[in-house]
Amino acid sequence: QVQLVESGGGLVQAGGSLRLSCAASGRTFSRYAMGWFRQAPGKEREFVAHIVDWIGSSTYYADSVKGRFTISRDNAKNTVYLQMNSLKPEDTANYYCAAYERSYGRAYYSKGSYDYWGQGTQVTVSS
């Protein structure tokens with residue numbers, strides 16, 4: 001099992017940047033696929049980005065963030081990052097880190113695929 005703790009959220013003006021971090025416990029971090037989701041008030045939690053390391057550190061992004069966000073991981077530090085550039089007001093949400101153990105055939109964009117979740121970090125983008 002793994003415990004996840006997000007950090008790095010805050011208030012930023014439109015066009016600015018933030019880097020979120022997700023620190024994971026345990027000694028088998030590399031066996032987990034990792035994802036970022038976000039949830040705005042009154043809306044469903046939605047997929048943002050995903051990274052898997054056992055097939056060569058492949059990454060996947062929601063269309064709404066392609067070209068602006070970058071997900072990465074540092075297995076030596078047990079940490080996943082989400083670099084967010086060119087932020088827009090519509091990016092405002094609570095951002096969650098999530099994980100599932102090495103497995104094939106899961107839908108990486110579905111929140112139901114993930115077994116472990118952090119408590120979230122708030123990102124607010126002003127106009």
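1. A search of the whole structure finds 9 aromatic pairs, where rings of Phe, Tyr and Trp (its six-membered ring) pair if their centres lie within 6.5 Å, and where planes under 30 degrees apart count as stacked, over 60 as edge-to-face and the rest as tilted. The rings of Y108 and Y109 have centres 5.4 Å apart and planes at 85 degrees, so this pair is edge-to-face.

2. This is a predicted model, in which local features need pLDDT of at least 70 and side-chain atom pairs count only at pLDDT 80 or more, whereas totals for chains, interfaces and linings use all residues. Residues are numbered from 1 along each chain as its sequence is written, and side-chain values use heavy atoms, with hydrogens and water left out.

3. Buried or exposed, by the cut-offs of under 20% relative accessible area for buried, over 50% for exposed and partly exposed in between (1.4 Å probe, protein chains only)? Y108 is partly exposed, with a relative accessible area of 27%, while Y109, at 53% relative accessibility, counts as exposed.

4. Ring pairs link Y108 and Y109 into a cluster that also includes F37, F47, Y60, Y100, Y114 and W117. R45 lies over the face of W117, at 5.0 Å from the ring centre, and R73 lies over the face of F29, at 4.5 Å from the ring centre; the criterion is that NZ of Lys or CZ of Arg is within 6 Å of the ring centre and within 35 degrees of the ring normal.

5. Leaving aside neighbours within four places in sequence, Y95 is in contact (heavy atoms within 4.5 Å) with residues including W36, F37, L82, M84 and V123.

6. An open sheet of 4 strands has the order β1-β3-β8-β7 with antiparallel pairing, two strands being paired if DSSP finds at least two bridges between them. The edge strands, each pairing on one side only, are β1 (4-7) and β7. Between β1 and β3 there are 4 bridges, and L4 stands opposite A24 in β3.

Methods. Helix = DSSP H or I, 4+ residues; strand = E, 2+ residues; numbered from the N terminus.
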